[in-house]
Amino acid sequence: MEGDRQHPAPAAPPEEHLQLLLRRSREAKNCAYCPYSRFPVGAALLTASGEIFSGCNVENACYSLGVCAERTAIQKAISEGHTSFRAMAITSDMGDTFIVPCGACRQVMREFGTDWDVYLTKADGSYIVKRLEELLPLSFGPEDLKKV
Ligand code: THU
């Protein structure tokens, strides 16, 4: 069964890469276009090749067309030719709560593997890290389409 597969977790990014990733997510938050929710979010995505793509939430007067920071970052990376990811950092202005990605973003992240790290931060910069597998257990992905 897919979920039983044993494989070593990829190494965490070196401390300096992690600090840069966290900083880039904070900087991206400053660009958030969120006049409706007034809830800015920034994300920064570290590719397997060591590049960082950041993103912010981009809302719209037609509310349902708003896009989360996480998906903005992923779409930027994919459209620049990167499909292999090591980690993402996510930042919001919430002081007492670690920002967590919405369900739609978890599924979009999962498209690109289940064994990468997501750093969930508070406004003071403290963080916890979760593997994608933890954020979206028993997930459906591209491999499943090959099973019929
Ligand atoms: N949002 C994100 O960009 N990422 C998250 O992890 C949670 C929510 C955005 C969507 C919307 O623009 C605003 O935050 C309020 O939901």
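Reader: How many residues does the largest nonpolar core have?

Author: This is a predicted model: local features need pLDDT of at least 70, side-chain atom pairs count only at pLDDT 80 or more, and totals for chains, interfaces and linings use all residues. Residues are numbered from 1 along each chain as its sequence is written, and side-chain values use heavy atoms, with hydrogens and water left out. A nonpolar core is a set of buried Ala, Val, Leu, Ile, Met, Phe, Trp, Tyr and Cys residues joined through side-chain atoms within 4.5 Å. The largest nonpolar core has 19 residues.

Reader: Which element gives the most to this core?

Author: Helices (H or I, at least four residues) and strands (E, at least two) are DSSP runs, numbered from the N terminus. Two or more residues of this core come from each of strand S1 (41-47), helix H2 (69-79), S3, helix H3 (103-110), strand S4 (117-121) and helix H4 (132-135). The most, 4 residues, come from H2.

Reader: Another core lies apart from this one; how many residues does it have?

Author: Its members include Leu21, Leu22, Leu46 and Tyr119. The count for this other core is 9 residues.

Reader: Which residues does Leu132 touch, leaving out those up to four places away in sequence?

Author: Leu132 is one of the residues with the most contacts inside the largest core. Contact means heavy atoms within 4.5 Å. With those close in sequence left out, Leu132 touches Met109, Arg110, Gly113, Thr114, Trp116 and Val118.

Reader: Is Ser92 buried or exposed?

Author: Ser92 is found in strand S3 (residues 85-92). Buried means under 20% relative accessible area, exposed over 50%, and partly exposed in between (1.4 Å probe, protein chains only). Ser92 has a relative accessible area of 0%, so this residue is buried.

Reader: Which residue's backbone nitrogen does the Ser92 side chain reach?

Author: A polar contact is a pair of N or O atoms within 3.5 Å; within protein, one must be able to donate a hydrogen and the other to accept it, and residues adjacent in sequence count only if both atoms are side-chain atoms. The Ser92 side chain makes such a contact at 3.0 Å. The backbone nitrogen belongs to Met94.

Reader: Where is Lys29, a residue that Ser92 touches?

Author: Lys29 counts as buried, because its relative accessibility is 13%. Leaving aside neighbours within four places in sequence, Lys29 is in contact with Pro40, Val41, Gly42, Thr91, Ser92 and Asp93. Lys29 is found in helix H1 (residues 15-29).

Reader: Which residues surround the ligand?

Author: A residue is near a molecule if one of its heavy atoms lies within 4 Å of it; the same cut-off holds for a strand. The ligand is surrounded by Ser37, Phe39, Val41, Asn57, Glu59, Cys68, Ala69, Glu70, Ile99, Val100 and Pro101.

Reader: What percentage of the ligand's exposed area does the protein bury?

Author: Ligand oxygen atoms lie 3.0 Å from a polar side-chain atom of Asn57, 2.6 Å from one of Glu70 and 3.1 Å from a polar backbone atom of Val100. Taken alone, the ligand exposes 370 Å². Accessible areas come from the Shrake-Rupley method with a 1.4 Å probe; for residues, only the protein chains shown count as cover. The protein buries 76%.

Reader: Stacked or edge-to-face: how are the rings of Phe85 and Phe112 arranged?

Author: The structure holds 4 aromatic pairs. Rings of Phe, Tyr and Trp (its six-membered ring) pair if their centres lie within 6.5 Å; planes under 30 degrees apart count as stacked, over 60 as edge-to-face and the rest as tilted. The rings of Phe85 and Phe112 have centres 5.6 Å apart and planes at 70°, so this pair is edge-to-face.

Reader: How many residues apart in sequence are the parts that this pair ties together?

Author: At 6% relative accessibility, Phe85 counts as buried, while Phe112 counts as partly exposed at 24%. Phe85 lies in strand S3 and Phe112 in the loop between H3 and S4, so the pair ties together parts separated in sequence by 27 residues.

Reader: What is the phi of Arg38?

Author: Most residues other than glycine have a negative phi. Arg38 lies in the loop between H1 and S1, and counts as exposed because its relative accessibility is 68%. Although Arg38 is not a glycine, its phi is positive, at about 50°.
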